[in-house]
Amino acid sequence: MVTHDAVWQALGEIEDPELPIAITDLGLVRSVEIDEGMVRVRLVPTFVGCPALDLIRERVHRRLLGVPTVHAVDVQYTFDEPWSIDRMTETGRARLTAHGVSVPRVHLAEPATCPFCGSTDLVLENPFGPTLCRAVYYCRACRNPVERFKPPADVLPVPGR
Amino acid sequence: MTNLWAAPDAPAVVSDAASRAAVRALLLALADDELIVGHRHSEWTGFAPDIESDVAMSSIAQEEIGHARVFYDQIAALEGTSADRLAFGRGPEAFRNAVLTERPNGDWAFSIVRAWLYDHADAVRLRTVAASPLGPFASLAKTLLREEKYHVVFADAWLERLARGGDDASGRVQRALDTAWPEALGVFETTPDTEHLVRVGALAAGMDAQRSRWESDVRPRLDALALTVPAGAAAVVGGRQGRHLPDLGMLLMEMTSVWRSDPEARW
């Protein structure tokens, strides 16, 4: 018999392809339904245009087929309710910070904290970065470039301030 | 992605064949605009004026194409085809993008003016869909609006920078606006499908009303930058009916060449 615990544990072993964070800590898993050996997973993307979506779906599909007694897996993205940064767990935030990525609490417009020196004297250099979900800042205190996790925007920052 | 036509909150209106076809046409226009403008933006990768704008324009391109894919996925779900086949397997006459999106880049000023006019227009129509009774399609539009905001901020900043630059920069922006404005009006081309959606209450605002909203949004900003909107310019329409510049054919030849070499290949 397939249990929710077994499925969630398996999902927790799947890393995001672009950042060192489990997809469960990133908050990508919206729901899990189990019907005998059939598992239905609904994922919510951080950014709809993210090029990693197929890869994440395949990883989920493959990993769940490895859970004992699971014989069918249906993985789909849903947009019922958009992803927001409060879906990220504290574990996820800590992992990204340790990796050198600053993570805002609510939105990008709030003051940024440098993951290296803790200063808040950061300027936004570019709202676009190496992936759709990251912006690039510069820390005036320790003079390091800083990547910051970028949630889809409701409130926007002003570049250079 | 989940099939939105079959979602629990799918609007009743799509159970009617004519309305379903009209929603499909709306999605196709959105998708084709996003794909083609995304492709044009992507042509700046490696060539933009500085590294920040190169990264930004490339990211915006990637995101527009990603948004196109979401819409194509929904059309594909309706017709048992695939997003790739819709994107790569059609000739120019089957595309429903506005002419604005297909015009070659020319200089950076043109690309910025085009991106600015387009992103503000896209915001108006996404807000219209988001406020519509189209259920899951409205939810999708709301989600996309949050992502598109970053494009608008980028285009706003660059338009201001160029318009307030020297004579060369502001002159290029004005010339770009002279070309792009009538084509931007064509984003809001009325078709029998858009009229149908208004008639059945699926959209609260028709294309003319959306165009007025957009104009009241962009005109004061252009005035403030001392840019002149071409007086009495007629909208360049036809894109929504498959009438395009020869440039779209060239773009598609290049964009689809790999796919056409083996349409059945799995990537």
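Buried residues account for 37% of the 161 residues in chain A of this predicted model. The C-alpha trace of chain A extends over about 55 × 25 × 20 Å along its principal axes. Chain A touches chain B, with 23 residues of chain B in contact with 22 residues of chain A.

**Overall build of chain A**

- Chain A contains 4 helices and 7 strands.
- Along the sequence, these elements of chain A follow the pattern α-α-β-β-α-β-α-β-β-β-β.

**A three-stranded sheet in chain A**

- In chain A, 3 strands make up an open sheet with mixed pairing, arranged in the order β1-β2-β3.
- The edges of this sheet are β1 (29-35) and β3 (72-77) of chain A; each has a single partner strand, so one side of each lacks a neighbour in the sheet.
- From one strand to the next, the twist averages 15 degrees.
- Strands of a sheet pair through backbone hydrogen bonds, in either a parallel or an antiparallel manner.
- The pairing of β1(A) with strand β2 (residues 38-43) of chain A is antiparallel and runs over 6 bridges.
- Within that pairing, D35(A) has M38(A) in β2(A) as its bridge partner.

**Helices packed on the sheet**

- Helix α1 (residues 4-11) of chain A packs on the sheet and touches β1 and β2 of chain A. The direction of α1(A) makes about 140 degrees with that of β1(A).
- Helix α3 (residues 53-65) of chain A also packs on the sheet, where it touches β2 and β3 of chain A. The direction of α3(A) makes about 160 degrees with that of β3(A).

**The side of chain B that touches chain A**

- On chain B, α2 (51-79) and α6 (136-163) each supply at least two residues of the side that touches chain A.
- The most is given by α6(B), with 12 residues.
- By class, this side of chain B has 10 nonpolar, 7 polar and 6 charged residues.

**Helix α10 of chain B**

- Helix α10 (residues 246-255) of chain B has L248(B), L251(B) and L252(B) as its buried residues.
- These residues lie on the same side of α10(B), because they cover an arc of only 95 degrees around the axis.
- The face of α10(B) turned away from the buried side carries the exposed residues P246(B), M253(B) and E254(B).
- The cover over the buried residues of α10(B) includes α1 (17-42) and α4 (99-102) of chain B.

Key: Residues are numbered from 1 along each chain as its sequence is written. Chains are lettered from A and ligands numbered from 1 in the order in which they are written. This is a predicted model: local features need pLDDT of at least 70, side-chain atom pairs count only at pLDDT 80 or more; totals for chains, interfaces and linings use all residues. Two residues are in contact if their C-beta atoms, placed from the backbone, lie within 7 Å. Ala, Val, Leu, Ile, Met, Phe, Trp, Tyr, Cys and Pro count as nonpolar, Asp, Glu, Lys and Arg as charged, and the others, Gly among them, as polar. Two strands pair if DSSP finds at least two bridges between them. Axes are lines fitted to C-alpha atoms, for helices over the stretch in contact, and angles run from 0 to 180 degrees between N-to-C directions. A residue is buried if 20 or more other C-beta atoms lie within 10 Å of its own, exposed if 12 or fewer, and partly exposed in between; C-beta atoms are placed from the backbone. The arc is that of the directions from the helix axis to the C-beta atoms.
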